[in-house]
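Hello,

Here is the structure I promised to send over.

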Amino acid sequence: MSELKPGLPERLEAVRIQLAAALREAGRKEDAARLIAVSKTFPVSACEAAWNLGVRDFGENYVQEGVEKIRHFKAVHPDDPGVWHFIGPLQSNKTKLVAEHFDWMHSLDRLKVAKRLSEQRPAAMPPLNVLIEVNVDGEASKSGVAPDEVAELAVEIVRLPGLKLRGLMTIPAKREDEEEKHRPFRELRTLFERLQTAIPDLDTLSMGMSADMTEAVSEGATMVRVGSAIFGPRDYPNK
């Protein structure tokens, strides 16, 4: 597990100020983008500290680690356990845990996984909110659907009763040039708007992290996923 360094309140406030400023600069409403605090590798005590500061949306990359935190919050805060987002690559043999515990799945990129999530979503729970992950840069090392394959996958997902397709997500390649940071987000927004003509109730663009949140918000992000800028540096486990 990563160690939570002192200064969480100050770091979180700085991120909130940055997000609010980005929304103002883009001419958007102050609540137009949700902040997802990416708590992967940090202990549940770090999530509790963030919860006490008003954080309610948490992002996790590792299934078992995330499930343990969700179970803790449902036990300790049964009336307000937060909203839990799975944002990492998902192996088909681990879909059941995501289907049974998470509220959102950001990284859906295969119909096989979509079908398993739908079949394994408990009937007593609302449909799992899902986003199609798009590999906007065509990076071989990254998961995600090619842009020209998104529409076909989307049509299949909306037919699955256990899922609710909400929109798109991307993790673009790192860029130093400010204008180049905008390009993949602009491309995803264009793809999203095109998809909305066929699926009008799409409402979510999950894009932007610690290093490019401002650019993502300017291009229409409705969720930003920020981890290290809130929780500090991580020690990655061998998982």
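Below is what turned up among the charged side chains.

A word on the source: this is a predicted model, so local features need pLDDT of at least 70 and side-chain atom pairs count only at pLDDT 80 or more, while totals for chains, interfaces and linings use all residues. Residues are numbered from 1 along each chain as its sequence is written, and side-chain values use heavy atoms, with hydrogens and water left out.

The whole structure holds 18 salt bridges (a side-chain nitrogen of Lys or Arg within 4 Å of a carboxyl oxygen of Asp or Glu). One of them joins Lys-69 to Glu-65, at 2.8 Å from N to O. These two sit 4 residues apart in helix α3 (residues 63–76), about one turn of the helix (helices are DSSP runs of H or I, at least four residues, and strands are runs of E, at least two, numbered from the N terminus). Both Lys-69 and Glu-65 are buried (under 20% relative accessible area; exposed is over 50% and partly exposed in between, with a 1.4 Å probe and protein chains only).

Asp-203 and Arg-166 also pair up, with their closest N and O atoms 2.9 Å apart. Asp-203 is in the loop between α7 (178–196) and β7 (204–206) and Arg-166 is in strand β6 (residues 163–169), so this bridge ties together parts 37 residues apart in sequence.

In helix α7, Glu-180 and Arg-183 are 3 residues apart and form a salt bridge of 3.3 Å, N to O.

Best wishes
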